[in-house]
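Good morning, everyone, and thank you for making time for this. I would like to walk you through one structure slowly, so please keep the sequence and the picture in view while I talk.

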Amino acid sequence: MRLHWLPFAFLTLILSGCGGPSAPKEETGEQLAQTYCSSCHLPVKPGQLDKETWLKHVLPAMAPKLGIPVSAYGEYYQVANSQEKSALSFAQWLKLVDYFEKNAPDSLGEEKREPLLEDWSVFQLKKPAPGSRPAMTLMVKMHEGTVFSGDADPPFLTRWSKDLKASAAPELPSMPVEAVFAKPGEAYFTAIGSMMAVDQKLGQLVRVDLASKKVTPIATQLQRPVQSVPGDFNGDGLTDWLICGFGHNQGGIYLSTARADGTYETQIIHEVPGATQIETGDFNRDGRLDFMALMAHADEGLWLFTNTGKGVFQAKNLLRFPPLMGSTGFQLSDLNKDGKPDLIYTAGDNSDYSKILKPYHGVYVYLNEGDFRFKQAWFYPVNGATKVIARDFDGDGDLDLATIAFFADFQKRPKEGFILFEQDKPLHFRAHGLPIEKEGRWMCMDSGDLDGDGDEDLVLGNFSVGFNNLDHFKPFWDRQTPFVVLENKTK
């Protein structure tokens, strides 16, 4: 899984104390917002959230970051000598709050979208027998005709045969959120340590011998790692690992370098929380392995890390997103067949202070205009979009998009939890809403040829409990089945 919600883009750092210089008293509320709400990320505007969310949730969470005390009832108060510790005066803070109160809308509108085609497209449903506990699936991964699933409570790994029969799997140090099968009979699992938004170094990357079930730590004391990617990053012929430490207030990107004796040395190479996903490649064609990383905390965006030699990287920002976007994942694929990898990006994390449906959540396509200059070319609104996979699912020679949305609008648009975007002409997609909304709530997804017939199947992991952001909403989906398989019948 790309635990791109855990993984989801937390607003804890939305205005994270990166206060600017003292502002003159005559500044307007808008100017104060520009100064204090934009010093370490893109500016935020009142119209990006509704009035109640700003006043009752986001601004009270922001205030302590800037040295403004908040009572247990969400009221701001002034204390003696508070200006010595605050980024701005109490009067300035009240003026900033007034600016948001006067300019924020009562509610956010909806983006227009083409209606979903309610059919099965090229898929049919298969699923294992229900479990005895509520499904809390954090990871699904296909490998050689089997499925591996990882659960949150209790944290364990399960291996499933092609006919979806369960068997015991190695015991891991904590709940697995990602798997890499680098060599035959060997797997590497990223264990997050804790789902809670805490700064604890409990995560690990471990190597597992699938036959003996022996578990060997590769990197330990990681801050909520959500992905690990192999590669020879220092050019010594050995396989190293890049690790996304999503963290909370702390975190970053780790490089775990292989030694000749089989051990590893792990160091943090980009100490910024919110590392969500990495894609590797020799992007500047100099023979060294570079990577791109999506960061999903306050300063959200896509960065290119160019390998300058011996595992040293130079960072360059390619795209920045507002801190309310809730970045969840991306993929590099050549959608327009011009030989350059384009960017497919999802935004939809909705698990912090602004737990409302947002019209800018969804699936985006940015075309590569050369030298990784990306320009938005397509957008489809999907509430709570969590992950996208680009594959030729219908076998017509172009790429289609499969998406899941953990924070979908289950009251009004329940089918947006899974959508297949079938590309029928360049950058035009027919959106299929498969009738699987009652089968589960999809936290994770993987693709592969599970049945060995030459086309791409999908597996969707069901995290069936908790995280209910919708008022007066009662979940209606299957709570026991850990995952479902969408078997492709193109071939």
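Let me begin with a term: a pocket, as I use the word here, is an open set of grid points with protein on both sides within 12 Å along at least five of seven lines, and its lining residues are those that have an atom within 4 Å of a point. Please also keep in mind that what you see is a predicted model.

With that in hand, the largest pocket holds about 790 Å³ of space. It is lined by 40 residues, and those closest to its centre are Lys355, Ile356, Leu357, Asn469 and Leu470. What kinds of residues make up this lining? They divide into 15 nonpolar, eleven polar and 14 charged. Helix H2, which covers residues 51-62, gives the largest share of the lining, namely three residues, and both domain 1 (29-71 + 88-102) and domain 2 (123-488) contribute at least three residues each.

The second largest cavity, by contrast, has a volume of about 40 Å³. Among the residues that line this cavity are Phe410, Pro414, Phe418 and Trp442, and its lining as a whole consists of six nonpolar, two polar and two charged residues.

Let us turn now to the strands, and to S12 in particular, which spans residues 252-258 and has seven of its seven residues buried. Which strands pair with S12? One of them is S11, residues 240-245, which pairs with S12 in the antiparallel sense over five bridges, and within that pairing Gly245 has Gly252 as its bridge partner. These two strands form a hairpin with six residues between them, and in the turn Gly247 has a positive phi of about 65°. The other is S13, residues 264-270, which runs antiparallel to S12 and is joined to S12 by six bridges, with Leu255 partnered by Gln267 in S13. In this second hairpin there are five residues between the strands, and Gly262 takes a positive phi near 95°.

Finally, I would like to look at Lys310, which sits in the loop between strand S16 (300-309) and strand S17 (312-321). Is Lys310 buried or exposed? Its relative accessible area is 75%, and therefore Lys310 counts as exposed, since the cut-off for that word is over 50%. Leaving aside residues up to four places away in sequence, Lys310 touches Phe233 and Asn234. Lys310 and Phe233 are 77 residues apart in sequence, yet their C-alpha atoms are 6.9 Å apart in space.

Technical notes. Residues are numbered from 1 along each chain as its sequence is written. This is a predicted model: local features need pLDDT of at least 70, side-chain atom pairs count only at pLDDT 80 or more; totals for chains, interfaces and linings use all residues. Side-chain values use heavy atoms; hydrogens and water are left out. On a 1 Å grid over the protein atoms alone, a cavity is a set of points where a 1.4 Å probe fits but cannot get out, and a pocket is an open set with protein on both sides within 12 Å along at least five of seven lines; lining residues have an atom within 4 Å of a point. Grid points are joined across faces, edges and corners, and a volume is the space filled by probe spheres set on the points. Helices (H or I, at least four residues) and strands (E, at least two) are DSSP runs, numbered from the N terminus. Ala, Val, Leu, Ile, Met, Phe, Trp, Tyr, Cys and Pro count as nonpolar, Asp, Glu, Lys and Arg as charged, and the others, Gly among them, as polar. Domain bounds come from an automatic or database domain assignment. Buried means under 20% relative accessible area, exposed over 50%, partly exposed in between (1.4 Å probe, protein chains only). Contact means heavy atoms within 4.5 Å. Two strands pair if DSSP finds at least two bridges between them.
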